[in-house]
Each structure stands twice: as structure tokens, then as C-alpha cells.
Amino acid sequence: MSKLTIVKVKSDHADLHELIQKLDEDLLKRYPADEIYLVDFSNPKVKEMIFAVVYMDARPVACGGLRPIVAEEMELKRFYVDPSYRRQGIAVSLLSFLEDEARKRGTLRIKLETGAAQPEAIALYTKQGYEPIERFGEYEHDVNSLCYGKKLHLSL
């Protein structure tokens, strides 16, 4: 049986960047470049983000991040599972891990942005309790952005 491990990593982690490069390549096949919202890793605020990499038998297969928005809100960013590892519960495990990390920081709500060209992402998020919300932040005026949110219940 394969061993799944989720590890918090720093923003300069090589496996994180390798997976984000694959994500960017996938997004460029689906959207024009000006409709892809990247993370500026040269911005010092990136160090405030939480990043995680998922390993399957020591191979990096998925990643995701959380960016602080305001005191009790975070944004899910750069969420990706390598296509050859999809439909194995990895995305659900990673999303749950990131939600738990957000809860540890006192986060009450996670928001995210995606697009219609990613129906598999929309299906995942809605199945995990994310609901459509108004566009926010940098997506506010992008008519192609679909935004979702989920209220987190803090553990007792």
C-alpha cells in the first residue's frame, strides 16, 4: 500500500516550486496568461503563507497554500494534484490538512478563486462544503473568476 505524507514546507521549497510549475503549465492550457493569479514568491509577505506538499511514497504529488487575508480569513492558493495521482483522495486529505492549519491560526473562513475551465476543482470544493461567494480582492472585477468560501468550525 502506498504511503501518503503531508508536510508543511517553506515558500522556497524545491518540491513546492516543481509542483507549482506543473500547475502553471496546466492553467496556461485552460486560461489566457492574464487570467492566472500567481503567487509572487519575491514578495516578503509570502513568508506569512502556509504551504504544504503531499508525498506519495516519497514522490511529491500535490501542493497547496494558504494566504492570510485579514485576521480571521485566509485564501486557498496554488492547490494542485498531479493528474496521474488524482481520484485517490489526495486532494481531500490536503484540503483537510490546510483547513486544520488554518484553524490552528484562528481562521474562521477560507476563500478561494477558480474558474469555469476547472470543473474538477469546482466539484471538489463544493463537495467539501465550499459555497459560491462574491468575488473578492484582486478577483473583484474579473468576470471569469468564480469564488467560493467555507466557514471553519474551530475545534474544541
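**Group meeting: a walk through the predicted model**

Of the 156 residues in the protein chain, 45% count as buried. Keep in mind that this is a predicted model.

Overall dimensions next. A compact globule of 156 residues would have a radius of gyration near 15 Å, and the protein chain has 15 Å, so the two agree. Along the principal axes, the C-alpha trace spans about 45 × 45 × 35 Å.

Now the surface. The accessible area of the protein chain is about 8900 Å². Carbon and sulfur atoms hold 52% of that. As for charge, there are 23 positive and 25 negative side chains. The centres of those two sets sit 5 Å apart.

On to the fold. The protein chain has three helices and seven strands. Read from the N terminus, the order is β-α-β-β-β-α-β-α-β-β.

Let's go inside. The largest nonpolar core has 28 residues. Which of them touch the most other members? They are Leu66, Leu76, Phe79, Ile90, Leu98 and Tyr125. Several elements give two or more residues to this core: β2 (50–56), β3 (59–70), β4, α2, β5 (109–115) and α3 (119–127). The top contributor is α2, with seven residues.

Phe79 is worth a stop. Leaving out residues up to four places away in sequence, Phe79 touches Leu23, Cys63, Gly64, Ala91, Leu94, Leu95, Leu98, Leu124 and Tyr125.

Next, a charged residue. Asp82 lies in the loop between β4 (73–81) and α2 (90–104). Buried or exposed? Asp82 has a relative accessible area of 7%, and buried means under 20%, so Asp82 is buried. What does Asp82 touch? Beyond residues up to four places away in sequence, the partners are Lys22, Arg59 and Val61.

Now compare the loop between β2 and β3. Two residues there deserve a look at the backbone. Most residues other than glycine have a negative phi. Asp57, in this loop, has a positive phi, near 50°. Its relative accessible area is 47%, so Asp57 counts as partly exposed. Ala58 is found in this loop too. Ala58 also has a positive phi, about 75°, although it is not a glycine. How exposed is Ala58? Its relative accessible area is 70%, and exposed means over 50%, so Ala58 is exposed.

Glu138 is in the loop between β6 (131–133) and β7 (145–151). With 46% relative accessibility, Glu138 is partly exposed. Glu138 touches Tyr37 and Lys77, residues up to four places away in sequence not counted. Then there is Glu72. Glu138 and Glu72 are 66 residues apart in sequence, and C-alpha to C-alpha they are 18 Å apart in space.

Asp82 is buried. Asp57 and Glu138 are partly exposed. Ala58 is exposed.

Note on methods:
Residues are numbered from 1 along each chain as its sequence is written. This is a predicted model: local features need pLDDT of at least 70, side-chain atom pairs count only at pLDDT 80 or more; totals for chains, interfaces and linings use all residues. Side-chain values use heavy atoms; hydrogens and water are left out. Helices (H or I, at least four residues) and strands (E, at least two) are DSSP runs, numbered from the N terminus. The radius of gyration is taken over C-alpha atoms; the globule rule is 2.2 Å times the number of residues to the power 0.38. Buried means under 20% relative accessible area, exposed over 50%, partly exposed in between (1.4 Å probe, protein chains only). Accessible areas come from the Shrake-Rupley method with a 1.4 Å probe; for residues, only the protein chains shown count as cover. Lys and Arg count as positive and Asp and Glu as negative; His and the chain ends are not counted. The place of a charge is taken as NZ of Lys, CZ of Arg, CG of Asp or CD of Glu. Contact means heavy atoms within 4.5 Å. A nonpolar core is a set of buried Ala, Val, Leu, Ile, Met, Phe, Trp, Tyr and Cys residues joined through side-chain atoms within 4.5 Å.
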